[in-house]
Amino acid sequence: MAFCTGCSLLCDDIEVDFEGGKIGRTMNLCRKGRGHYDSLCVDRLAPTVDGSEVGIDDAVSKAAEVLAGAENLLLFGWGNSTLAAQKVGVEMAKKLGCVIDDPSSYSQGLITETILKGELPTCTFDDVRNFADVSIYWGDDPSSSHPRHLSRFSYFPRGEKRQRGYEEDREAIVIDVRKSPTAEIAADGFFKIPPGGDGDFMGALMATLGGKIPKVEDKKKMLNLGTKLRKSKFGVIFTGLGLAHSVKGELDEFVSLVGKLNELTRFSVIPSLGDYNTRGFNQTLFDETGHVDRVSFKDGVNHGPEFGIAKYLDACDAVMVVGSDPAAVLPASLARKLAKIPMVAVNSHRTFTTDAAKVTVPIAVAGLEAGGSALRTDGVKVEFDAVVKSDYLPDVEVIERIMEAV
Amino acid sequence: MVSVMEIYQLLPKTNCKKCGLPTCMAFAVGLLGREKTIEDCTPLVEEPKYEKKLEGLRELLAPILSADATETGMIIHTEKCYGCGNCVVACPVNVANDPKGTAIGRGPVSGKAILIVEDGVVKCVNVDQCRRFGPEKVLCSACIVTCPSKAIEFI
Amino acid sequence: MAGAKEVTVVTYRGIFQEVEEALGMYSDGYRDQSAIVSLDGGDIKELGVEDGQPVILETGSGKVVVAAKLSEDPHPGLAFMPSSPWSAQLVSGEVEESGFLDLKSFMAKVSLSPAKEAVTSIEEIAERIKAP
């Protein structure tokens with residue numbers, strides 16, 4: 001059995017044959033996972049300095065040189081890193097007294113932090129499979145981003161208290177601006193909202209649950225939803241980027257809604273996080289500092305928007321990006337800023353970011369070429385072994401070597 | 001199972017659009033999904049320099065083209081399939097035959113599952129077990145309505 | 001004005017785009033899955049655009065040419081675009097007071113490409129990012 005680090009579900013029932021270094025037949029691996037496996041032989045990163053290929057040792061020492069010379073250093077990425085590498089990364093940020101951040105700062109960091117603080121109730125996917133009778137996908141399209149979400153955990157499987165299948169035993173509700181592939185499956189359970197309309201929807205649902213008539217166009221549909229939620233025994237809300245971006249860093253109303261639902265029945269929240277180990281990084285940094293992202297170790301522990309990559313690019317004079325591709329994701333003006341800062345990029349593959357880096361250091365693909373552990377998006381720890389031999393170094397070894405050399 | 005990449009390797013890779021599709025990759029997907037035929041690629045069939053590729057492609061696709069839709073009339077449009085396994089887990093036959101595997105959301109463990117995910121896409125095996133098979137067939141649609149991309153249909 | 005329209009663009013991620021990304025960002029497949037914008041049937045008609053034809057998307061932050069796609073479902077005034085280096089050209093780098101960076105939706109002008117410009121290539125975007 002092999003593991004898949006293609007998304008944060010970390011599927012653990014994969015069968016794979018290797019045919020001369022290439023991926024042969026795979027079983028149980030979804031299409032996205034298959035792409036992840038096939039990428040093993042595509043666009044692999046070479047160790048480079050200023051665009052010229054060098055040996056790995058030279059790349060590591062040059063990387064250390066870039067980092068050591070910096071006054072305001074940013075360590076960014078970490079969602080596609082093993083727990084061990086993340087731990088060393090946080091250690092390094094502490095040691096060097098610099099800023100550490102991850103893509104959570106412009107995605108679901110706030111939701112995850114609220115969960116870790118215990119202000120939003122959560123549960124594991126195994127609880128979902130065994131007990132949940134309502135799954136709400138809010139600004140979240142796991143069919144596209146986490147393809148086996150519905151089949152392994154949240155809608156289709158049989159579980160301890162869910163023996164009769166999805167038609168009788170479970171409800172799927174989708175709240176989204178777009179009729180996504182997940183919304184196609186939910187059929188009548190799809191609530192289409194306008195962009196930025198999540199707050200209004202929360203208000204209307206809150207009113208409905210409070211026994212008032214909601215101020216929405218389709219009152220009957222909303223009242224039906226209220227009844228369904230009130231009657232449910234165990235509901236779960238899966239959050240996605242759509243919700244995170246719509247509430248723009250203001251989670252109070254959502255927390256109140258989940259609180260209200262918990263007065264009536266039992267409801268949990270699980271975020272659908274992007275990279276395979278985003279949850280791991282958030283937890284690792286949280287354990288150390290009480291925050292999931294945007295932390296500066298310059299004078300003790302400081303946290304705030306000024307330490308998020310979007311703002312800190314103005315202040316920083318060197319960056320190390322590990323297993324992430326901010327140059328492809330950030331708004332062009334910020335990507336241009338990033339590209340002008342002396343950068344070390346650690347990645348298994350060539351990306352927009354590695355192309356803009358001064359120094360690139362290749363690593364093994366975790367779960368295939370290197371073992372390690374990670375936290376699934378519901379917070380459950382998953383450990384995996386390497387399934388194929390490789391000359392690439394595991395990420396933790398590379399980060400450790402860079403840290404030692406600095 | 002033939003992959004899109006294997007087919008693509010045997011195409012002219014000129015993206016000439018003569019088949020009506022924008023790229024040779026798209027045509028490869030069309031061939032695999034049986035929405036296009038080899039003959040739709042006129043350069044491949046007509047230009048002698050592609051003779052070897054044409055021969056290889058015919059050989060590669062022979063098993064696909066001869067096997068018609070499975071005997072239940074099920075057609076899987078693999079080019080649309082996400083490999084999510086919703087149909088695999090929702091299929092009532094899989095639930096009955098494979099209670100410790102597909103029924104609880106995992107890969108099959110019994111060898112008796114009729115829908116499985118192989119090479120990233122769904123595949124129908126043991127077709128005689130499908131509820132739509134045989135004289136006492138039922139018009140079950142569990143695998144159709146659970147699909148996020150309308151990749152399964154029955155003809 | 002005929003041939004141009006203001007729309008709210010909402011970004012999303014699609015599975016085939018992610019597969020192509022895994023298999024290499026500098027590929028035609030990745031461009032075909034990313035450099036697209038899904039438009040409402042009425043809007044696409046008003047613009048005089050055909051399904052698959054290149055259109056210009058423009059904001060205060062940047063401009064790209066992508067292929068228009070006709071949506072099955074109606075969503076007038078809204079457009080959906082995969083989040084990618086193409087959409088990143090259009091997103092403002094302004095950080096909100098809370099420190100939040102909204103990558104998910106923005107207003108854009110969509111118009112016909114008079115010179116029938118080709119879809120912006122990934123190489124060009126990479127150049128824009130690396131340009132001094």
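Asn126(B) sits in the loop that joins β3 (121–124) to α7 (142–145) of chain B; helices here are DSSP runs of H or I with at least four residues, strands are runs of E with at least two, and both are numbered from the N terminus. Although not a glycine, Asn126(B) has a positive phi of about 45°. Asn126(B) counts as partly exposed, because it has 16 C-beta neighbours inside 10 Å. (A residue is buried with 20 or more other C-beta atoms within 10 Å of its own, exposed with 12 or fewer, and partly exposed in between; the C-beta atoms are placed from the backbone.)

A word on the ground rules: this is a predicted model, in which local features need pLDDT of at least 70, side-chain atom pairs count only at pLDDT 80 or more, and totals for chains, interfaces and linings use all residues. Residues are numbered from 1 along each chain as its sequence is written, while chains are lettered from A and ligands numbered from 1 in the order in which they are written.

Now look at chain A, where Trp78(A) lies in the loop between β5 (73–77) and α3 (83–96). Trp78(A) is not a glycine either, and its phi is positive, near 75°. Trp78(A) is buried, with 31 other C-beta atoms within 10 Å. The two loop residues can be set side by side:

| Residue | Phi | C-beta neighbours within 10 Å |
|---|---|---|
| Trp78(A) | near 75° | 31 |
| Asn126(B) | about 45° | 16 |

Next comes helix α4 (residues 109–116) of chain A. Eight of its eight residues are buried, so α4(A) is largely enclosed by the rest of the structure. Those buried residues pack against β10 (235–239), α12 (241–247), α13, β11 (267–271) and α14 (278–289) of chain A. Just after α4(A), Gly118(A) has a positive phi of about 85°.

How do α10 (residues 198–209) and α13 (residues 252–264) of chain A pack, and at what angle? The angle is about 25°, with the axes 10 Å apart; axes are lines fitted to C-alpha atoms over the stretch in contact, and angles run from 0 to 180 degrees between N-to-C directions. α10(A) and α13(A) are therefore roughly parallel to each other, the term for angles under 35 degrees. Among the residues that make the contact are Met202(A) and Leu205(A) of α10(A), and Phe254(A) and Leu257(A) of α13(A). (Two residues are in contact if their C-beta atoms, placed from the backbone, lie within 7 Å.)

The largest nonpolar core has 202 residues, and those with the most contacts inside it include Leu74(A), Cys87(B) and Val37(C). Such a core is a set of buried Ala, Val, Leu, Ile, Met, Phe, Trp, Tyr and Cys residues joined through C-beta atoms within 7 Å. The largest share of this core, seven residues, comes from α3(A).

Finally, the chains meet. Chain B brings 24 residues and chain A 27 residues to their contact. On the side of chain B, α5(B) gives the most, with four residues. In the contact of chain A with chain C, 41 residues of chain A face 36 residues of chain C. Here α17(A) gives the most to the side of chain A, with six residues.

Key. Angles under 35 degrees count as roughly parallel, over 145 as roughly antiparallel, 65 to 115 as roughly perpendicular and the rest as oblique.
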